[in-house]
Amino acid sequence: MKCPGLYCGRELLPDGSWSDCGSCPRGFRANETSYCVPCEGRPVFYDWLYLGFMTFSPLVLHWFCIDNTTHFRGRLSRGALMLHLSALVEIVLAALATILLVEPVGQLDLKACPVTSLSDWYTLFHNPRPNYTDVLHCTQEAVYPLHTMVFIFYWLAVTAMLLIRPWLVRFCLPKTGGETIYAALYFFPILSVLHAIFGGLIYYAFPYIVIVLSIISNAAHFAFKMDQSMRFLLVNTVTDVRNCMIVLGHWLVHGYGIISLTELAEPALYGSLLCLVPSPAVFYILTARITREKPICNIQRIRENMFHFYLLFDEKEYIASK
């Protein structure tokens, strides 16, 4: 007989009989006849894009923390560049190790069960109650291995960071580099909680999240410039290495969001949308002056005073270090 509920299944026992209805083992999922079958499929393109999003999210946070705690007077120092490269190496090593640890073990490939609906991520809320008596517990990872491998990746990323970065901090940035490690020890647990609770929602919404956040972040980057003239924003973006790298990073993230949203189902049509990647930056530069009003002048003046105070404090710290 077919088991009740969406995710309850039976296993074939060694003696030829069938087990009672319950949760399937890890790496298995109940089919239409309630038989627990192994996950032998391969992740679809959208699944790989989701895993890529979960991979570069901590990398972007790493780079953001490194940039905001180690740059001196808006310039990218050699020590900060070393930490940026270290974060990239840590994330890449953790991602490769995660794929090698998941079935099939030792291969750069994945076996997966297909994601059919949002409920696949929240099987805990779909345990049936036959005859309205006892609850039949069938909680399992129906989206194997998309849920658990992200936690494995976070753990490996923290391990790689603790093994590699303290040595670089000691020799490159002994005063401020340690803050980047403390920041990561805060945001990795936060990312884990968000994935545990909102993993399914993120799976379906991450293309929109990427596009919206890239536009907001791009606007915020230009908004913190003291001079909002078109000429300064354009020249500063092209001539300053740090600003150029930040803008190019925004473009890459924005392009990734477009690819995730369209999945390039029609490459000729949707691929042309990638030409719109620079549009948020170009739009801000062209409209920065005409969107400034008088109330913003007071904010601009406060921001300039804070910037001068920051320069004075930074200069004193630099002289004291010498």
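**Exercise 1. Is serine 119 buried or exposed?**

Solution. Residues are numbered from 1 along each chain as its sequence is written. The model is predicted, so local features need pLDDT of at least 70 and side-chain atom pairs count only at pLDDT 80 or more, whereas totals for chains, interfaces and linings use all residues, and side-chain values use heavy atoms, with hydrogens and water left out.

Step 1: apply the cut-offs, by which buried means under 20% relative accessible area, exposed over 50% and partly exposed in between, with a 1.4 Å probe and protein chains only. Serine 119 has a relative accessible area of 15%, so the residue is buried.

Step 2: Helices (H or I, at least four residues) and strands (E, at least two) are DSSP runs, numbered from the N terminus.

Step 3: list the neighbours, taking contact to mean heavy atoms within 4.5 Å. Not counting residues up to four places away in sequence, serine 119 touches Leu6, Tyr7 and His126. With tyrosine 7 there is a polar contact between the two side chains, at 2.7 Å; such a contact is a pair of N or O atoms within 3.5 Å, and within protein one must be able to donate a hydrogen and the other to accept it, while residues adjacent in sequence count only if both atoms are side-chain atoms.

**Exercise 2. Describe the overall make-up of the chain and compare it with the record.**

Solution. Step 1: the chain has nine helices and two strands, and from the N terminus on its elements run β-β-α-α-α-α-α-α-α-α-α.

Step 1: of the 322 residues in the chain, 39% are buried. Among contacts with a separation of 6 or more, 69% come from residues 24 or more positions apart.

Step 2: turn to the unreviewed UniProt entry, which lists under "transmembrane region" residues 48-66, 78-102, 149-168, 180-198, 204-224 and 268-286; its positions are given in the numbering used here, feature names are shortened, and annotations may be inferred rather than shown by experiment. In the model, the span 78-102 is 96% helix and 0% strand, with its end C-alpha atoms 37 Å apart, and the span 180-198 is 100% helix and 0% strand, with its end C-alpha atoms 26 Å apart.

**Exercise 3. Which residues of helix H5 are buried, and which are exposed on the other side?**

Solution. Step 1: in helix H5 (residues 230-239), the buried residues are Leu233, Asn236 and Thr237. Seen down the axis of H5, these residues fall within an arc of 100 degrees, so they line one face of the helix; the arc is that of the directions from the helix axis to the C-beta atoms.

Step 1: on the other side of H5, Arg231, Val238 and Thr239 are exposed.

Step 2: the packing partners of the buried residues of H5 are helix H4 (178-223), helix H6 (241-262) and helix H8 (279-287).

**Exercise 4. Why is the pair of tyrosine 50 and tryptophan 121 edge-to-face?**

Solution. Step 1: rings of Phe, Tyr and Trp (its six-membered ring) pair if their centres lie within 6.5 Å, and planes under 30 degrees apart count as stacked, over 60 as edge-to-face and the rest as tilted. The whole structure holds 16 aromatic pairs. In the pair of tyrosine 50 and tryptophan 121, the ring centres are 5.7 Å apart and the planes stand at 70 degrees, so the pair is edge-to-face.

Step 1: this pair links distant parts of the chain, since tyrosine 50 belongs to helix H1 (residues 45-70) and tryptophan 121 to the loop between H2 and H3, 71 residues apart. Tyrosine 50 is buried at 0% relative accessibility, and tryptophan 121 is buried as well, at 9%.

Step 2: both residues belong to a cluster linked by ring pairs, which also includes Tyr46, Phe53, Phe56, Tyr203, Tyr204, Phe206 and Tyr256.
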